[in-house]
Amino acid sequence: MESPIFTPCKIGPIELRNRTIRSAAFENMATDNKPSELLYNYHVAVSRGGVGMTTVAYAAVNRSGLSFNGQLLMCEEAVPELKRLTDAIHAEGAKASIQIGHCGNMTHRSTCGCMPLGASRGFNMYSPTFHAKLNEKEILGLIKDFGDAVRLARKTGFDCVEIHAGHGYLISQFLSPYTNRRHDKWGGSLENRMRFMQEVVRECLAAAGDDIAVVVKTNMFDGMRRGLDEGECLKVAKELQRLGVHALVLTAGFVSCAPMEVMAGAMPIKTLIHYMPWKTMWWLKAMIWLGGKMMIKEVPYKDAYFYERAMRFRKELTMPLIYVGGMVDINDMEKVVGSGFVAFQMARALVNDTDFVNKLHSGELTKSPCGHSNYCIGRMYSEPMICHHCVKEKMPKKIEKEVENLERKWK
């Protein structure tokens with residue numbers, strides 16, 4: 001019998017050829033904030049490799065939402081390259097999705113072109129820079145920018161947009177009491193803190209029309225003191241269900257405080273420091289060298305590491321849910337689909353091998369050989385994301401040793 005992961009599924013108005021989705025993991029492959037040939041080749045290879053849908057990651061809805069120089073920006077100048085990319089993905093039989101969002105305070109003036117903006121004013125130690133509190137006019141402008149980004153996604157041939165409402169970026173910054181200390185209608189109670197998310201989602205659904213899917217990536221917990229707990233995140237999820245989004249991607253973590261809750265495992269500190277440029281990031285290299293293991297605390301890795309938590313949400317919600325987190329083994333994939341998730345997302349297995357899904361389908365593999373050293377994550381903040389197995393140049397001995405030790409740890 002055909003494995004259930006290779007059966008078609010529907011997400012809103014679109015149908016995928018199977019249940020596999022390349023998750024919205026930041027590639028750091030844009031040039032001048034537009035798709036590069038490297039980004040094009042990667043997503044076309046993943047599509048040729050058999051996925052049902054590939055998600056182009058983290059496109060900012062406007063320039064103030066950029067966190068990285070290698071990040072996409074939803075703008076008219078990017079239209080030709082985006083259309084070329086979606087046409088090529090479709091030619092391989094896959095659907096094309098794009099994650100849209102705004103980084104909020106997680107940026108620097110040199111990247112975003114202005115003082116960073118957030119739900120509340122404060123200081124971002126990772127940039128390091130002060131950030132301003134969004135005023136009413138700016139909030140309303142950002143809501144419109146999300147809608148414009150969806151319209152541009154439709155124009156360029158995307159089948160789906162994924163709104164990033166987790167991980168401590170702007171929508172998440174409004175939701176979390178840790179970052180939202182406002183006393184107006186956009187802050188205070190959870191109902192008020194959800195207002196920005198509600199307005200963004202309504203704007204995006206209106207812009208999407210009836211021919212592309214709108215999914216939302218949302219937290220099941222923030223993972224730090226004064227952040228959202230599971231009960232509050234479930235209320236957020238139920239509100240998204242009420243608003244009528246087509247599916248939720250259930251995730252967790254807060255990049256500024258609990259980044260490894262997102263990805264599990266340990267951050268490869270030596271890898272992270274090695275690829276950071278001295279000229280522009282000397283201060284952060286020094287901070288991480290002095291206290292990286294305390295700043296970026298590890299979270300024990302196991303396959304399907306969000307499954308138990310996601311099942312609690314599955315029991316409380318009636319809408320389609322997409323699982324993400326540690327999807328490397330066909331047995332876990334079949335368990336997830338059998339538990340009522342419409343589809344599942346994965347990234348590291350497809351960074352390791354873009355042909356992974358085809359190899360699962362043919363029986364050549366039943367599990368990804370990814371060793372979970374997180375080398376790909378350690379370098380993605382400075383260089384294009386790549387698996388250490390695919391690096392052509394000789395890596396320094398200290399990096400090789402770190403990778404070996406971490407892969408041994410999580411084996």
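**View 1. Packing of helix H4 against helix H7 in a predicted model.** Helix H4 (residues 136-155) and helix H7 (residues 195-208) pack at about 30°, and their axes, lines fitted to C-alpha atoms over the stretch in contact, lie 8 Å apart. H4 is therefore roughly parallel to H7 (angles under 35 degrees count as such). Residues of H4 in the contact (heavy atoms within 4.5 Å) include Ile139, Leu142, Phe146 and Val150, and those of H7 include Phe196, Val200 and Cys204. By class, this contact of H4 with H7 has ten nonpolar, one polar and five charged residues. Residues are numbered from 1 along each chain. Local features need pLDDT of at least 70 and side-chain atom pairs 80 or more, while totals for chains, interfaces and linings use all residues; side-chain values use heavy atoms, without hydrogens and water.

**View 2. The largest nonpolar core and Phe196.** A nonpolar core joins buried residues (under 20% relative accessible area, 1.4 Å probe) through side-chain atoms within 4.5 Å. The largest one has 126 residues, and Phe196 is among those that touch the most other members. H4 gives the most to this core, with eight residues. Not counting residues up to four places away in sequence, Phe196 touches Ile139, Leu142, Ile143, Phe146, Leu170, Ile171, Phe174 and Trp186.

**View 3. Helix H8 beside helix H12.** The axes of H8 (residues 230-243) and H12 (residues 307-316) are 11 Å apart, at an angle of about 45°. H8 is therefore oblique to H12. Glu230, Cys233, Leu234, Ala237 and Lys238 of H8 meet Arg309, Arg312, Phe313 and Glu316 of H12. This contact of H8 with H12 has four nonpolar, no polar and five charged residues.

Note on methods: Axes are lines fitted to C-alpha atoms, for helices over the stretch in contact, and angles run from 0 to 180 degrees between N-to-C directions. Helices (H or I, at least four residues) and strands (E, at least two) are DSSP runs, numbered from the N terminus. Angles under 35 degrees count as roughly parallel, over 145 as roughly antiparallel, 65 to 115 as roughly perpendicular and the rest as oblique. Ala, Val, Leu, Ile, Met, Phe, Trp, Tyr, Cys and Pro count as nonpolar, Asp, Glu, Lys and Arg as charged, and the others, Gly among them, as polar. Buried means under 20% relative accessible area, exposed over 50%, partly exposed in between (1.4 Å probe, protein chains only).
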